[in-house]
Amino acid sequence: DYLLNRRESENSDDYFIRGKHRKELTDVISLMEVAQEAKDLSKKRFMYVHGDAGSGKTQHMCHFVERMSSLINIYLLFGTDFEAGKPIHSICKALHWDDVHTLDKLDDEMVRTNRFATFIVDGLNEGAGTDIWLDLVPVLRAEIDRFSRLKLIVTVRTMEPGDMLNNHFKKGWVNLKTRGFSNLREAIEKYFDAAGIHENANDYLYVREFQKPLFLKIFCQVYHQLPYEYRKDLDILLLYQLYYKSRNTKVSHRSDEDPERMITPKIMRQIGDLSLFTYNCGDVPRAKVVELSNEMCPNRLWSNSLYHSLLQENLIMEYWLNNELMTTFEYDSMGDYMRTQCILLNKKRDYSCLDTILAFVKRLNNPTASYNEKKHINNTIKTFLSVWNPQPDIWHNKEFQDGALTCFLLDSLGLRNMKSEKSTLPKDMVARI
């Protein structure tokens with residue numbers, strides 16, 4: 001505290017005078033600031049880790065458990081472990097504790113040994129959906145708060161601004177946001193090595209989506225199913241199609257359905273279709289998706305309904321928007337690519353595709369369009385333009401040259417592999433723009 005309180009400001013007359021001891025003291029003080037921040041953080045008991053789908057929340061938690069398990073008692077749970085009712089009962093069931101008073105005994109033991117016990121709930125708003133957590137979060141926090149030596153960390157997928165669950169984390173929670181890999185090359189090399197992929201990481205640095213651990217994991221999962229020519233010339237549409245096929249066995253088992261029907265890729269494509277043509281690229285009301293899934297796999301109890309199976313496998317998630325429960329995709333970009341696939345399948349002629357995209361641009365300027373709707377339309381247009389390869393003369397349309405689609409085209413370049421032999425977008429035209 002003595003050194004920190006006497007640290008020179010950048011406006012001090014002596015700030016720019018450098019000497020051996022001054023530099024050593026400055027370095028020591030910088031380290032002490034980090035230590036002080038860690039000390040202050042260690043006194044907090046509730047942490048809220050949030051980030052986009054695939055940004056590494058679960059990976060962070062696993063790394064934390066690996067490093068800290070010798071110093072503190074850690075209990076890792078998942079959002080899917082919880083049911084409506086008393087969250088302590090769900091914890092005891094997941095950890096095979098017979099007595100709900102085990103927490104009292106655990107806290108007493110932590111006091112005796114001068115340690116802490118930390119409970120982690122990973123994917124809090126995934127699996128079981130959002131609705132039950134509106135009631136469970138305050139109850140769970142109050143239960144943990146009764147004890148002096150218990151802490152709670154929850155990981156939450158970034159929610160829409162209007163989601164009511166946001167309100168539970170505004171006060172009394174340490175806020176930590178995950179943003180993906182800091183060293184992409186190193187991450188690709190490690191993932192490839194673990195998956196037995198013998199490729200040069202440098203050849204994949206152009207894939208912006210690899211910044212997210214979930215997408216890199218998906219790629220590694222389906223790499224050996226990809227045709228050889230698509231292993232470097234990445235086709236994300238094809239990648240997601242193969243991914244849904246690879247998840248179909250578990251979804252079919254949960255739904256007591258014949259795996260040969262391939263219900264998983266079918267239902268995900270239909271949700272994309274509904275989003276695109278009925279809800280202007282926005283997310284779909286839960287009731288509509290439940291209805292759709294019940295039509296595909298009828299006469300099921302809730303526990304083995306198709307919708308419930310998709311939730312349990314984390315292929316979809318729920319959130320509240322304006323007092324209505326909505327359904328969205330596991331990973332934001334999956335929705336964008338599913339809608340892109342729907343445009344390509346339903347509008348087979350190039351000019352029909354162009355008309356569809358221009359209609360969505362027009363919708364963006366409509367004052368009745370919501371923030372949520374505009375965000376999805378923007379992302380869908382950029383994603384579509386990143387994979388679309390029409391006849392070359394289409395690109396010379398005035399809307400691309402200097403019109404409504406110019407900015408969207410430039411934004412889409414980060415997702416497009418210009419080196420691909422399939423790309424019909426003229427490089428000289430991009431340079432001119």
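Residues are numbered from 1 along each chain as its sequence is written, and side-chain values use heavy atoms, with hydrogens and water left out. Because the model is predicted, local features need pLDDT of at least 70 and side-chain atom pairs count only at pLDDT 80 or more, whereas totals for chains, interfaces and linings use all residues.

The protein chain comprises 18 helices and 8 strands (DSSP runs numbered from the N terminus, helices being H or I of at least four residues and strands E of at least two). Its C-alpha trace spans about 70 × 70 × 50 Å along the principal axes. Of the 433 residues, 46% count as buried (under 20% relative accessible area, with exposed over 50% and partly exposed in between; 1.4 Å probe, protein chains only). Among contacts (heavy atoms within 4.5 Å) between residues at least 6 apart in sequence, 69% join residues at least 24 apart.

Strands E6, E8 and E7 form an open antiparallel sheet in the order E6-E8-E7, where pairing requires at least two DSSP bridges between two strands. Strand E6 (284-285) and strand E7 (316-321) are the edge strands; each has a single partner strand, so one side of each lacks a neighbour in the sheet. E6 is joined to strand E8 (residues 324-329) by 2 bridges, and valine 284 has threonine 327 in E8 as its bridge partner.

Leucine 152 is located in strand E4 (residues 150-157) and is buried, because its relative accessible area is 2%. Residues beyond four places away in sequence that leucine 152 touches are Arg45, Phe46, Met47, Phe119, Val121, Leu140, Ile144 and Trp173. Its C-alpha atom is separated by 8.7 Å from that of tyrosine 48, 104 residues apart along the chain.

Helix H14 (residues 350-364) contains 15 residues and reaches 22 Å from first to last C-alpha, close to the expected 21 Å (1.5 Å times one less than the number of residues). Its buried residues are Asp350, Cys353, Leu354, Thr356, Ile357, Phe360, Val361, Arg363 and Leu364. The elements that cover these residues include helix H10 (263-278), helix H13 (332-346), helix H15 (371-387), helix H16 (398-402) and helix H17 (406-412).

The largest pocket has a volume of about 1300 Å³. A pocket is an open set of points on a 1 Å grid over the protein atoms alone where a 1.4 Å probe fits, with protein on both sides within 12 Å along at least five of seven lines; lining residues have an atom within 4 Å of a point. The volume is the space filled by probe spheres set on the points, which are joined across faces, edges and corners. Of its 43 lining residues, Thr58, Gln59, Pro213, Leu214 and Lys217 are the closest to the centre. At least two lining residues each come from helix H3 (57-68), E4, helix H7 (184-195), helix H8 (213-222) and helix H9 (236-255). The lining divides into 12 nonpolar, 19 polar and 12 charged residues (nonpolar: Ala, Val, Leu, Ile, Met, Phe, Trp, Tyr, Cys and Pro; charged: Asp, Glu, Lys and Arg; polar: the others, Gly among them).

Asparagine 280, in the loop between H10 and E6, has a positive phi near 50 degrees and is partly exposed at 26% relative accessible area. Asparagine 299 has a positive phi of about 60 degrees; it lies in the loop between helix H11 (286-296) and helix H12 (306-312) and is exposed, with a relative accessible area of 78%.
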